[in-house]
Amino acid sequence: MIVLGAGASSSPAEKKSVLKTRAGGQPTQRALPARIQVSRFKNMPMVVICQTAIYYIQIRKIMLKDKVLSKLIQQEIERQQKTINLIPSENYVSKEILEILGSPLTNKYSEGYPGKRYYAGNKYYDQIETLAQQRMKKFFKLGSSWHVNVQPYSGSPANMEIYFALMDPGDMMMGMSLTVGGHLSHGHKVNFSGKVYKSVQYGVDSQTGLIDYDVIEKMAFEHHPRVIVSGHSAYPREIDFKCIGNIARKVGAFHVADISHIAGLVATGLHQSPFEHADIVMTTTHKTLRGPRGAVIFCKEEYKERIDRAVFPGMQGGPHNNVIAAIAEMAFEDLTAGFKKYQKQILKNSSSLAGALKKNGFKLLTDGTDNHLMLIDLKTVDLDGQTAQDLLEKAGITVNRNAILGDSSPFNPTGIRLGTPAITTRGMKEKEMKKIAEWFQRILIVKEDPEKIRKEVEEACKNFPLNY
Ligand SMILES: Cc1ncc(COP(=O)(O)O)c(C=O)c1O
């Protein structure tokens, strides 16, 4: 059970001090965490004391019988509140989505599809799944020539299902190499995609860091892949889906566009859409779409049967009904005018952060960004990805180390990847981007104590509380 109330760390005295009663008569405990000492408030103006107290009271409190787990979840909620998240593949869901994910919808088996289930009791799940399908198609403005499957558990299983639908084991596929921005599930040798299928990987131009579409075409003619994958995890520039679609057509390959990272930009017209140029489009739902952890596969109507059968019974069992309902809610939220404004602000923040980082002495791959993410080349500041990631984490700034052009190992890379979807959800704007770039300079170049900067980061986060 999740309630607003006493945290696992609260002392009995604290609990008593703020005991309240709800309208329904049930007592609700609201407490300040133990670490807020009264001395901390000395010499503070009353308004600041009130703001600080409200901030801590508002942090969601977890009270399970299992104190060990309660404490861990509580600590994670507070970590999210108090740190700046620059991981471009993460975001914060709405309270409504959280509620749906934790609802009794998780209790039901619904193997099959609406109207064709293997279990009884699926009347409402049929309607929920149909609603999610309809809204996802509306969101991407798709007509009757497209079908959508909303059951994939996440992005990697969805890609597996697509390949399973389109290829036989041992067929050739082509995707972008992980070390320059592709995803593991696009044919990397350690992943199922590189083990079950023969895989050839395209890179980027060694001077510009940009995709060279002529090279992709040359490789496609040389290797004759069954599937060409476009879309990436760490590429800061616009993708030319039209060009890759043309190449695929020329060599008789399927074009699979994985828009997991840029789906929000695509749906709002802020990035070229792949729908005219691809046979299959896949997106995860937990990145720029701000939904639950899941994925959806769009396919041309002619591939409906193959895709649906690959998802179930080909790869998966019972769908996660709570996630499907949360996808319906996500589409409801994303179909509002505010969502386009949010996507535009992601781009403004990204461009502003990139500009400020460059001004503060950092080198960016491709010298900037067109989308929600950017990559810093740390070689020019004499650091590696792991060291930078650790220093930033100590200061309360979360990033991920990332392989960049010239790196041979994804475990020991010389880059870090940053993105703005999550901080934009918190309400941060251009002014905050300048501040973040300044912290980067102080932590990674000036080598100030990250603990000192952590206090500044925590203070800044208080102005942008998460709504749970
Ligand atoms: C482009 C792309 N495709 C697929 C995935 C895999 O998604 P998941 O982690 O949900 O399996 C990711 C994950 O970040 C991704 O960036």
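**Ser 145.** Ser 145 counts as exposed because it has 9 C-beta neighbours inside 10 Å; the cut-offs are 12 or fewer other C-beta atoms within 10 Å for exposed, 20 or more for buried, and partly exposed in between, with C-beta atoms placed from the backbone. I found Ser 145 in the loop between helix H5 (123–139) and strand E8 (146–149). Helices (H or I, at least four residues) and strands (E, at least two) are DSSP runs, numbered from the N terminus. Leaving out residues up to four places away in sequence, Ser 145 touches Lys 300 and Glu 301; a contact requires C-beta atoms, placed from the backbone, within 7 Å. Ser 145 and Lys 300 are 155 residues apart along the chain, yet their C-alpha atoms are separated by 5.9 Å.

**Conventions.** I number residues from 1 along each chain as its sequence is written. Local features in this predicted model need pLDDT of at least 70, side-chain atom pairs count only at pLDDT 80 or more, and totals for chains, interfaces and linings use all residues.

**Gly 419.** I next turned to Gly 419, in strand E19 (residues 415–419). Gly 419 counts as buried because 31 C-beta neighbours lie inside 10 Å. Beyond four places in sequence, its contacts are Leu 86, Ile 87, Pro 88, His 372 and Leu 373.

**Nonpolar core.** I then examined the largest nonpolar core, which has 106 residues; such a core is a set of buried Ala, Val, Leu, Ile, Met, Phe, Trp, Tyr and Cys residues joined through C-beta atoms within 7 Å. Helix H12 (residues 321–334) supplies the largest share of this core, eight residues. Domain 2 (104–334) and domain 3 (337–462) each contribute at least three residues, the bounds coming from an automatic or database domain assignment. Ile 280, Ile 297 and Ile 327 have the most contacts inside the core.

**Confidence.** I checked pLDDT, the predictor's confidence in each residue from 0 to 100. The protein has a mean pLDDT of 91, and 89% of its residues reach 70 or more. Over residues 1–37, pLDDT stays under 50. Where pLDDT is low, the predicted coordinates should not be read in detail.

Methods:
Contact = placed C-beta atoms within 7 Å.
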